[in-house]
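These are my notebook entries on a structure that I am consulting for the first time. I record what I looked up, entry by entry.

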Amino acid sequence: MSGKLIVFEGVEGCGKTSQMQLCYEWLQSSNIPVIVTRQPGGTELGLHLRRLLLEKTDNQKISVRTELLLYAADRYQHIEQFIQPNLAAGKIILCDRYIFSTIAYQGYGRSLDMDLINQLNSIATGGLASDLTFWLDVDVEVGLNRKRGDGDKFDRIEQEKIDFHRRVQQGYTALATSNPDTIIRIDGNLTKQAVQQEIQQVLEDRFTLYRDNPCGYLE
Ligand code: TMP
């Protein structure tokens with residue numbers, strides 16, 4: 001099987017990072033070459049951009065278009081430096097967020113022009129789409145409360161008003177409705193184990209599909 005890009009998406013506190021970790025451990029224990037990464041922040045440059053994007057500053061306002069461009073810059077660098085070489089090496093890449101985040105957050109959340117976003121996404125990715133996206137669907141209040149409960153300090157985007165987060169959630173809902181084959185909705189309100197079980201089931205089915213390829217896994 002050739003390399004695959006598998007993305008995890010959702011609103012703040014949806015649980016994607018811990019689900020990715022469980023998924024990583026599961027794939028590794030099946031001897032599947034797998035790596036975990038994220039946007040923003042999957043390269044050294046990306047880490048700087050992540051800090052600029054997410055740190056709370058009182059005196060430095062980031063305009064919404066600048067925000068969009070910084071996410072695009074992170075993505076371009078990440079794809080060129082990390083994603084493309086690892087796909088070419090046949091790895092399964094589990095990526096925390098990808099272009100649907102930009103559509104949901106900058107498009108729906110910030111109300112930026114969708115044509116502009118699509119254009120930039122296409123420049124940043126060179127047309128590279130994810131093979132599969134898991135959308136962990138939780139209510140925005142539940143997600144934000146989880147973050148609060150974990151004692152996490154809210155970053156620049158998490159601290160946005162609740163209406164912003166609701167618009168982001170509407171974005172994911174619209175995206176999942178219009179991309180039913182590539183975006184898999186998982187009920188993020190289930191227990192951690194149940195969510196993971198669903199993810200593994202979907203992946204097993206997909207890997208069986210990919211098995212047509214002579215280098216298929218799980219044979
Ligand atoms: P996270 O890695 O903890 O999910 O944080 C990343 C934050 O950046 C999160 O608030 C979503 C936001 N984001 C965007 O607004 N647009 C994007 O294109 C991406 C990748 C992330």
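Which residue just after H4 takes a positive phi? I found that Ser-111 does, with a phi of about 60 degrees. I note here that the model is predicted.

**Entry on helix H4.** I next looked up how far H4, residues 99-109, is covered, and I found that 10 of its 11 residues are buried. Among them are Ile-99, Phe-100, Ile-103 and Tyr-105; Gly-107 and Gly-109 are also on the list of buried residues. I then asked what covers the buried residues of H4. The cover includes strands S1 (4-9), S4 (132-137) and S5 (183-187). It also includes H3 and the helices H5 (114-125) and H7 (162-178).

**Entry on Gln-77.** I located Gln-77 in helix H3, which spans residues 64-88. I recorded Gln-77 as partly exposed, since its relative accessible area is 25%. Beyond its neighbours within four places in sequence, Gln-77 is in contact with Thr-43, Leu-45 and Phe-82. I also looked up Gln-77 and Ala-124: they lie 47 residues apart in sequence, and their C-alpha atoms are 8.3 Å apart in space.

**Entry on cysteines.** How many disulfides does the structure hold? I counted zero. The cysteine sulfur closest to that of Cys-23 is in Cys-95, and at 13 Å it is too far for a bond. Cys-23 is buried, with a relative accessible area of 0%. Cys-95 is buried as well, with a relative accessible area of 0%.

How values were computed. Residues numbered from 1 in each chain as written. Predicted model: local features only at pLDDT ≥ 70, side-chain atom pairs only at ≥ 80, totals over all residues. Heavy atoms only, no water. Disulfide = S-S within 2.5 Å. Buried < 20%, exposed > 50% of the residue type's maximum accessible area, 1.4 Å probe, protein only. Helix = DSSP H or I, 4+ residues; strand = E, 2+ residues; numbered from the N terminus. Contact = heavy atoms within 4.5 Å.
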